[in-house]
Amino acid sequence: MTRPREPEEFGPRPEYEDARPKAAETTAHTPPAGRRFWRRRGVRIGAVGTVLTLAGLAILWLVWTETGTHGMLLGSGLALLPVPLLIAGFLWLDRVAPGPWRYRVFAFAWGAFATTLVAMLANTFAARWIATGLPTASSREADLWGMAVVAPVVEESAKAAAILLIFLFRRHYFSGLVDGLVLAGIIGTGFAFTENILYLGRAYEENQTFGDSGPLATVTVTFIARIVFSPFAHPLFTAMAGIGFGLAAMTVAGQRVRRVLLPVAGLLLAIAMHALWNGSAVMNGYAFLGAYAFVMAPVFGLLVWLAVWSRGGKLRTIRTQLPAYAQAGWLVPAEPVALSSLRIRQIARSLARHAHGEEGRRAVADYERAATTLALLRAQATQGRPAKDYATREQALLTAMWQNKALAQPALTRAAYTTNPPRPHPWPPRQGTAHPPHPPRP
């Protein structure tokens with residue numbers, strides 16, 4: 001195994017001032033010397049963890065009282081089936097600039113525990129209010145009020161609250177549309193998981209009570225409707241609010257009204273889609289199939305296309321923003337192209353792992369992550385919305401890249417030329433032509 005070169009062997013560290021956009025020259029931010037008690041990271045993590053744990057215990061007890069032990073176990077097993085596929089899809093969209101795992105865990109836990117608890121309590125209260133406030137309403141009208149009006153407003157607002165918290169206190173997480181969509185999708189997946197346990201557990205208890213079995217049993221119909229045909233429903237609803245927050249994060253500093261209206265518009269769209277879905281289910285089977293075929297499926301396809309296109313936009317941002325750092329001496333010319341290709345990045349990690357083991361793979365992964373964040377950070381500044389601590393974060397990212405440069409830069413350069421080698425020129429050259437110089441191979 002060859003000894004990797006130390007960063008000092010590359011020569012002195014270059015200056016990063018030349019790569020800093022003019023829009024961010026005056027955005028340096030000095031953090032306060034001390035933080036108040038409630039602003040400390042450990043206190044906030046402990047508080048959020050406590051709230052989610054208590055909500056999880058409350059939900060566990062409520063579901064158990066509704067479904068019983070056997071119903072809860074069966075419902076948990078069936079409801080878990082689509083979760084890995086949905087989470088894998090959202091993580092695939094987030095491959096370019098993956099966010100911290102703690103935000104993803106928080107999002108899933110908030111959807112599965114906090115949002116479900118709020119929804120169950122609010123729906124119970126709404127059912128009592130409808131029974132007393134609308135005594136002449138039929139059971140169908142009461143269901144329509146509860147499922148098509150109360151449930152969408154309560155559930156989507158509770159799910160969007162988690163996105164709002166991260167948007168307010170961890171704004172740097174949002175660099176574009178994909179970040180809000182992924183976060184919202186994971187929240188919706190967590191909520192659907194717990195809700196499906198409740199519905200499937202109730203269906204199982206109903207089958208046991210009335211002795212139903214076979215293909216038309218309640219649990220079978222519930223499984224086909226919620227797990228097979230519409231596992232993406234709640235992630236799709238919440239994604240509307242996530243897109244609103246993602247677009248709001250892309251606004252410039254002076255667009256405060258737009259920054260407020262975009263999340264509100266996304267939340268209203270999420271509530272409208274949720275209300276249409278629930279209302280069609282209450283009306284009749286034809287209305288449900290029509291909503292599924294003409295609204296839900298097309299919107300889902302459009303959302304997938306939009307997410308993939310936006311992910312490609314992040315790769316294009318990397319290719320256009322990193323050359324400034326190559327000119328300043330932080331990167332070699334091949335790296336902006338290499339870092340803007342997911343395939344080349346994967347090859348580079350494999351090469352580093354083959355040459356230097358897990359340490360090499362981790363170094364390349366950290367280098368790629370820091371470079372991606374750096375490109376997105378600079379893009380925000382050049383678009384007129386620089387982060388308050390731009391200079392501090394930029395220098396920290398460049399330092400992190402410099403520390404992993406010895407292992408990452410050769411692997412990325414080799415992967416770039418392995419994937420896209422220089423084209424051979426005809427020999428002998430035609431009269432009056434000359435070979436352009438080939439880039440050096442590592």
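## Ground rules

Because the model is predicted, local features need pLDDT of at least 70 and side-chain atom pairs count only at pLDDT 80 or more, while totals for chains, interfaces and linings use all residues. Residues are numbered from 1 along each chain as its sequence is written, and side-chain values use heavy atoms, with hydrogens and water left out.

## Overall fold

Let's start with the big picture. The secondary structure of the protein comes to 14 helices and zero strands. Here helices (H or I, at least four residues) and strands (E, at least two) are DSSP runs, numbered from the N terminus. Read along the sequence, the pattern is α-α-α-α-α-α-α-α-α-α-α-α-α-α.

Of the 442 residues, 44% count as buried. Buried means under 20% relative accessible area, exposed means over 50%, and partly exposed is in between (1.4 Å probe, protein chains only).

## A nonpolar patch on the surface

Which residues form a nonpolar patch on the surface? They are Trp 92, Phe 300, Val 304 and Val 308, with about 320 Å² of accessible area together. Patches are made of residues with over 30% relative accessible area and no salt bridge; like charges are joined within 9 Å, and nonpolar side chains (Val, Leu, Ile, Met, Phe, Trp, Tyr) within 5 Å. The areas come from the Shrake-Rupley method with a 1.4 Å probe, and for residues only the protein chains shown count as cover.

Helix α9 (residues 285-321) gives the most to this patch, with three residues. Val 308 is found in helix α9, and this valine is partly exposed, with a relative accessible area of 35%.

## The cavity inside

Next, a look inside. A cavity is a set of points, on a 1 Å grid over the protein atoms alone, where a 1.4 Å probe fits but cannot get out; its lining residues have an atom within 4 Å of a point. Grid points are joined across faces, edges and corners, and a volume is the space filled by probe spheres set on the points. By this rule the count comes to one cavity of 30 Å³ or more. The largest cavity has a volume of about 40 Å³.

Its lining is made up of Ala 79, Pro 82, Val 83, Leu 86, Thr 189, Ala 192, Phe 193, Asn 196 and Pro 231. By residue type, the lining divides into seven nonpolar, two polar and no charged. In this scheme Ala, Val, Leu, Ile, Met, Phe, Trp, Tyr, Cys and Pro count as nonpolar, Asp, Glu, Lys and Arg as charged, and the others, Gly among them, as polar.

## Salt bridges

Side chains of opposite charge can pair when their charged atoms come close. A search of the whole structure finds 10 salt bridges, each being a side-chain nitrogen of Lys or Arg within 4 Å of a carboxyl oxygen of Asp or Glu. One of them joins Lys 159 and Glu 156 (2.9 Å, N to O). Both residues lie in helix α4 (residues 139-169), three residues apart, about one turn of the helix. Are Lys 159 and Glu 156 buried or exposed? Both are buried.

Helix α12 (residues 342-382) holds Arg 361 and Glu 358, three residues apart and so separated by about one helical turn. Their side chains meet in a salt bridge (2.7 Å, N to O). Arg 361 is partly exposed at 26% relative accessibility, and Glu 358 is partly exposed at 32%. Asp 366 and Arg 369 are also three residues apart in helix α12, about one helical turn, and their side chains meet at 2.9 Å, N to O. Asp 366 is partly exposed at 30%, as is Arg 369 at 39%. Finally, Arg 345, Arg 349 and Glu 368 are linked in a network of salt bridges.

Ala 265 lies in helix α8 (residues 256-283) and is partly exposed, with a relative accessible area of 43%. Ala 265 and Met 240 are 25 residues apart in sequence and 8.6 Å apart in space, C-alpha to C-alpha.

Leu 374 lies in helix α12 and counts as buried, at 1% relative accessibility. Leu 374 and Glu 394 are 20 residues apart in sequence and 6.5 Å apart in space, C-alpha to C-alpha.

How values were computed
1 Å grid on protein atoms, 1.4 Å probe; cavity = no way out; pocket = protein on both sides within 12 Å on 5 of 7 lines; lining within 4 Å.
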